[in-house]
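Dear colleague,

I am passing on the structure below, together with some notes on what was found in it. Please read the notes with the coordinates open beside you.

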Amino acid sequence: MSCILQTISDDKALLAATICFGVIGALFTAAKTYSFVRMLLDMLVIPGISLSKFGAGKGSWAVITGATDGIGKEFAYQLAKKKFNILLVSRTESKLQALAGELEQSNGIQTKTYAMDFTQGNQSDYSNLGKLIDSIEVGILVNNVGTNHDIPTPFAEESDETIANIVEVNINGTLKTTKLVLPQMKARRSGLILNLGSFSGLVATPYLSVYSAGKAFLSTWSQALGMELARDGIVVEHINTYFVVSAMSKIRRPTFLIPTTKPYVASVLSKIGLSGGSSTPYGSTPYFSHALINWLIDNLFTTTFWVKQNNAIQTDIRKRALRKREREAKQQ
Ligand SMILES: NC(=O)c1ccc[n+]([C@@H]2O[C@H](COP(=O)([O-])OP(=O)(O)OC[C@H]3O[C@@H](n4cnc5c(N)ncnc54)[C@H](OP(=O)(O)O)[C@@H]3O)[C@@H](O)[C@H]2O)c1
Ligand SMILES: *[C@@H]1O[C@H](CO)[C@@H](O)[C@H](O)[C@H]1NC(C)=O
Ligand SMILES: *[C@@H]1O[C@H](CO)[C@@H](O)[C@H](O)[C@H]1NC(C)=O
């Protein structure tokens, strides 16, 4: 304001304006530079919170939902290697048994499994899971289970079943499972809750509208929960994920921007408590190339620009998916 009021003479006004804009420009550049350098320090220099804080090797358990494939399975491998006992939860009993056996054999840890389909929203499943959880000391909960639109689909054409499944698994399942671990974590004043988020929650994603909004829900909820639980000694973290090679992403070949699950999960576990490329409280974008994209999204162009990018990407994926469906229909 003071710069605008200093209009004593034209000359002085010009000088004042130049200094004013210079200062604003310098502050702006300094803020951007600071956030970029802080991101690089998180990624390359500062170590995350050690997993030993959550009881690694001391009989503590990690509970992982959606644990038998993709990112969840990799969390199981890496947390077992760090000597956590593992409670695996997903639909398929045979896959659960096979993975549990493999983890016990190669790491000398204990495992438990519970087979449930989160789309069912079955209250007795949650109470059975609750009883299992009450029988162990849970150091870490990985809220990983998630389901997506089959292919990018306009909301108006999406089936009621798919919409309900996404809400039931991605939102209700995460809230209900978290409720099960909180009493003991609060009593012990220790615990780590990781919520698997997505860039589609960071930037609205047309044609994946329900998935995208569900991940935005998880991001906002994680921020509120993280603040509430900090005083109880519990660490909450929303993990911002761009693409990772998996059955869900339907991507098979890794690139600089799209890692396999192994380096992806390693980046998450080595950067607990650090933001990386994320600018939301209790949010983390730990994988290097994902952090760069996250930083660009937060600092360059408008939100509308990025939504349009997502629109273009999903329109293209939808076209290719529809062509593939056509080909497959012809072959039958
Ligand atoms: N891959 C990516 O590019 C990406 C990007 C951003 C965020 N994410 C998030 O990361 C998480 C894991 O994704 P992913 O790519 O690893 O998925 P994925 O490879 O498809 O694995 C999904 C896992 O969840 C289980 N599962 C699926 N539906 C279930 C249900 N209704 N009830 C119980 N278990 C179920 C599956 O086992 P069963 O079939 O035996 O049940 C499997 O173990 C999700 O929350 C996803 O939104 C992924
Ligand atoms: C709910 O889950 C319980 C325990 O697994 C099972 O016995 C019951 O049949 C399920 N109910 C429905 C409606 O699927
Ligand atoms: C999710 O939870 C809400 C609130 O408990 C419930 O009303 C709803 O039926 C659940 N499932 C879906 C698909 O919305």
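**Notes on the predicted model**

Helices (H or I, at least four residues) and strands (E, at least two) are DSSP runs numbered from the N terminus.

Because this is a predicted model, local features are reported only at pLDDT of at least 70 and side-chain atom pairs only at pLDDT 80 or more, whereas totals for chains, interfaces and linings use all residues. Residues are numbered from 1 along each chain as its sequence is written, chains are lettered from A and ligands numbered from 1 in the order in which they are written, and side-chain values use heavy atoms, with hydrogens and water left out.

**Two backbone points to check**

Most residues other than glycine have a negative phi. K83, although not a glycine, has a positive phi of about 75°, and is found in the loop between helix 3 (70-81) and strand 2. Y282, also not a glycine, has a positive phi of about 60° and lies in the loop between helix 9 (261-270) and strand 7. K83 counts as partly exposed because its relative accessibility is 41%, and Y282 is partly exposed at 27%; on this scale buried means under 20% relative accessible area and exposed over 50%, with partly exposed in between (1.4 Å probe, protein chains only).

**The ligands**

There are 30 residues around ligand 1, of which I71, T92, N144, Y211 and S246 come nearest; a residue is near a molecule if one of its heavy atoms lies within 4 Å of it. Helix 3 and helix 8 (209-230) each supply at least two residues of this shell. Among the polar contacts (pairs of N or O atoms within 3.5 Å), an oxygen atom of ligand 1 is 2.8 Å from an N or O atom in the side chain of T68, an oxygen atom of the ligand is 2.5 Å from an N or O atom in the side chain of T92, and a nitrogen atom of ligand 1 is 3.0 Å from a polar backbone atom of F118. Taken alone, ligand 1 exposes 890 Å², and the protein buries 93% of that, with areas from the Shrake-Rupley method and a 1.4 Å probe.

Ligand 2 is surrounded by Y114, N122, S124, D125 and N128, and helix 5 (residues 123-134) gives the most to this shell, with 3 residues. An oxygen atom of ligand 2 is 2.3 Å from an N or O atom in the side chain of N122, while a polar side-chain atom of D125 lies 3.2 Å from an oxygen atom of the ligand. The protein covers 32% of the 360 Å² of accessible area that ligand 2 has on its own.

With best regards

Conventions: Polar contact = N/O pair within 3.5 Å; in protein donor to acceptor, adjacent residues only side chain to side chain.
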